[in-house]
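Subject: Structure handover and findings

Dear colleague,

Please find the structure below, together with its sequence. My findings follow it.

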Amino acid sequence: MVSSKMEKSPADLLASPGLSSMLKSLKLKTKQQELLIRVSILFLVYVLAFIARLFSVLRYESMIHEFDPYFNYRVTQYLTQKGFYEFWNWFDSESWYPLGRIVGGTLYPGLMVTAAFIYWTLRFLRFAVHIREVCVLTAPFFAANTTLVAYFFGKELWDSGAGLVAAALIAICPGYISRSVAGSYDNEGVAIFALLLTFYLFVKAVNTGSLAWGLASALGYFYMVSAWGGYVFIINLIPLYVLVLLITGRYSMRLYVAYNCMYVLGTLLAMQIRFVGFQHVQSGEHMAAMGMFFLMQVFYFLDWVKYLLNDPKKFHSFLRITVTSAVGLGAIALGVGTASGYISPWTGRFYSLLDPTYAKDHIPIIASVSEHQPTAWSSFMFDFHILLILFPAGLYFCFKRLSDATIFIVMYGLTSMYFAGVMVRLILVATPAVCLISAIAVSATVKNLTQLVRAKSKPASGGSGKGAASAKVLSKGSLDQSMPFQKNGAVALLLGVFYLLSRYAIHCTWVTSEAYSSPSIVLAARGANGNRVIFDDYREAYFWLRQNTPPDAKVMSWWDYGYQITAMGNRTVIVDNNTWNNTHIATVGRAMSSYEDEAYEIMRSLDVDYVLVVFGGVTGYSSDDINKFLWMVRIGGGVFPVIKEPDYLVNGEYRVDKGAAPKMLNCLMYKLSYYRFGELTTEYGKPPGYDRARGVEIGNKDIKLEHLEEAFTTSNWIVRIYKVKPPNNRW
Amino acid sequence: IIDLYIVFAVVTALIQIAYVAVVGSFPFNSFLSGVLSCVGTAVLAVSLRIQVNKENKEFKDLPPERAFADFVLCNLVLHLVIMNFLG
């Protein structure tokens, strides 16, 4: 795989005698040989991208991972069972009890529609597949398609060699694999394909200036809007790119045609998605695109005036007046719109990208998600490996050969790297840019080096040939004679490049296998004698819920588990991962952090029948509810001031042992997690009630529950379900 | 001829905006689709004009039939979307 990345010319292949006779017998021309090599490399890369993501399917089983994908899976099931019209108008009463959720208008349908489409196609061809298999394998399939798009994009930017390298790099890059393994049925799997496709089509449109490519890029943008909320990145990067082109004096008719076509058609198409609605004309995040649209008209007008006037001096003064008045007018309109509230300001999610400290103070839910934390250098190295070093080298090559297309990729790379530094999750968006730029570096370097290597082997051809070409070869030949070690140096450097790339491939495979292939719903550990122990507690609990509770039972748990409970347990939940209603979540947080009597009042008002908590004390599982408890307190306290965070801490320290705060020792979450735990011996040599996740012996071992009773605890005590008792009879 | 078409589209857009200023924008999606269809056809016509104009050196190897075919295709998609959006 690594050796095939080098762009060898067919002449070199012919040089080796064994192959030459075989190839001569095949009677292929040079161009066809090159095509064959390229197609076979692309095919191998395609298969590689698909296979590299299948680790968890091979190790565990074909199932959906994590939390969000379960909702997507449930929605796709609904879509395939009920049809598109029902899906588009679906009101879900099984989540966010008692509010319900308008699913048709609050999701990005691209992923589900794509998976349903693949499912229907396969069914039409009489393959009897289950929808779950299609969902699990959608992400790897689209990752493989992304490598193809990367190849064409690289070809557009630089040449086909860069395209091949880009395809190979992006096939195994860990930054992309992390969100597109088999089983990770989430929006990003499809969205990155749509992102790269839209960018490629737009750059192609700018390069050719044809309306057809502009239309294609608008359709690609429509697909991106239907797939992921990150489309805001596209709608801001493209206007920024157009602005940079205008400022650097690269205005041209092609740019005008491409941008206008894409903007008008793209905006119209994007507004068809109900979740986006009218945001394209009303929200502050999209105003940049509209501003650029008007600016383009101004430029076109100026160009026309310049053509009419034919007088530089008059034109300059006219130019200055027009541009200042246009910009001033635009600024006034923007100011009026924002001040009057017609144009809504940047939403919290995106504003926290520009100002990273915003979320921590104002919106604790966004700050609490672990994916939204700023990125550490180790994450960058982990996800990119040598691409981090090749990225600046690629930037250098791009600047050497500036064109409309390379300006775009430089801008995409720089902006996405900035955002990747702000949030860990956005490394995914930076990955295609980094891969493309690094591919340019690798391809250009390898091309130069191989030219040096090949120049020595053709000294005779300097004698014949015409003009400049022969002079160049002659000079190279004489250069070689003056520095005889140049060829060896070039070969050594080439070997170095191969070594780097092979280390990259090994690193990516290791990372994929170790870090990114675990379905969070099934946990594995090494037993005492080295065998693998599997904890399947989550699914055990959800299936218990499904089979042993009345169908209209309502389950209260922390919002992390909501999607999984509705998808696998098939019961109504109070809050789930959509987190659209902060007050509702704060109510649940308040219930979890109050004493049992107050919590009982809240649970009665919400009609709760069962409470589900996740507890890691027996297994040492550290993402359980006691570790998340402080976030429940903060979110609950954000809405209900009666919950104060210092009540649960001792000297600012969070403890669960004997020295813990009394409110902590008696709150509902503590009681539900540690009920009957005081009798259990978890580790040899430690007292009973030793919490393995926190590493301490718990403080309150003698827990009595008055209004709840224990319904089910899984075999490793990871999930615990309690039934809420109806109020006592009067007499 | 294309110039006349462009002027007509822009004037129609202005009339629609004046209507909204007077009557109010209740079915906002209808308003948007109307205005954007005018703007869209104007823009597409301008693009067609650019591509067909023999004086533009950037487009000299683009046959006018191809330009017109692109124009028709884009208009087709534009009007499909408008129809859907009118509600």
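In this predicted model, helix α13 (residues 231–247) of chain A packs against helix α23 (residues 404–422) of chain A, with their axes 10 Å apart and at an angle of about 130 degrees. An angle counts as roughly antiparallel over 145 degrees and as roughly perpendicular from 65 to 115; α13(A) and α23(A) are therefore oblique to each other. Their crossing is right-handed.

On the α13(A) side, the residues that meet α23(A) are A:F233, A:L237, A:L240, A:Y241, A:V244 and A:L245. Their counterparts in α23(A) include A:F408, A:M411, A:Y412 and A:F419.

A:Y412 also belongs to the largest nonpolar core, which has 247 residues. A:Y412 is one of the members that touch the most other members, along with A:F153, A:F199, A:Y259, A:F384 and A:L612. Helix α24 (residues 427–457) of chain A supplies the largest share of this core, 17 residues. Domain 1 (206–344) and domain 2 (535–724) of chain A each contribute at least three residues to this core. The C-alpha centres of these two domains lie 51 Å apart.

Leaving aside residues up to four places away in sequence, A:F384 touches A:C173, A:M417, A:I427, A:A430, A:T431, A:V434 and A:Y504. There is also a second, separate core of 10 residues, with A:I41, A:A49, A:L164 and A:A168 among them.

Yours sincerely

Conventions:
Residues numbered from 1 in each chain as written. Chains lettered and ligands numbered in written order. Predicted model: local features only at pLDDT ≥ 70, side-chain atom pairs only at ≥ 80, totals over all residues. Heavy atoms only, no water. Domains from an automatic or database assignment. Core = buried A, V, L, I, M, F, W, Y, C linked by side-chain atoms within 4.5 Å. Buried < 20%, exposed > 50% of the residue type's maximum accessible area, 1.4 Å probe, protein only. Helix = DSSP H or I, 4+ residues; strand = E, 2+ residues; numbered from the N terminus. Contact = heavy atoms within 4.5 Å. Axes fitted to C-alpha atoms, helices over the stretch in contact; angles between N-to-C directions. Parallel < 35°, antiparallel > 145°, perpendicular 65-115°, else oblique. Left-handed = near helix turned anticlockwise from the far one by under 90°.
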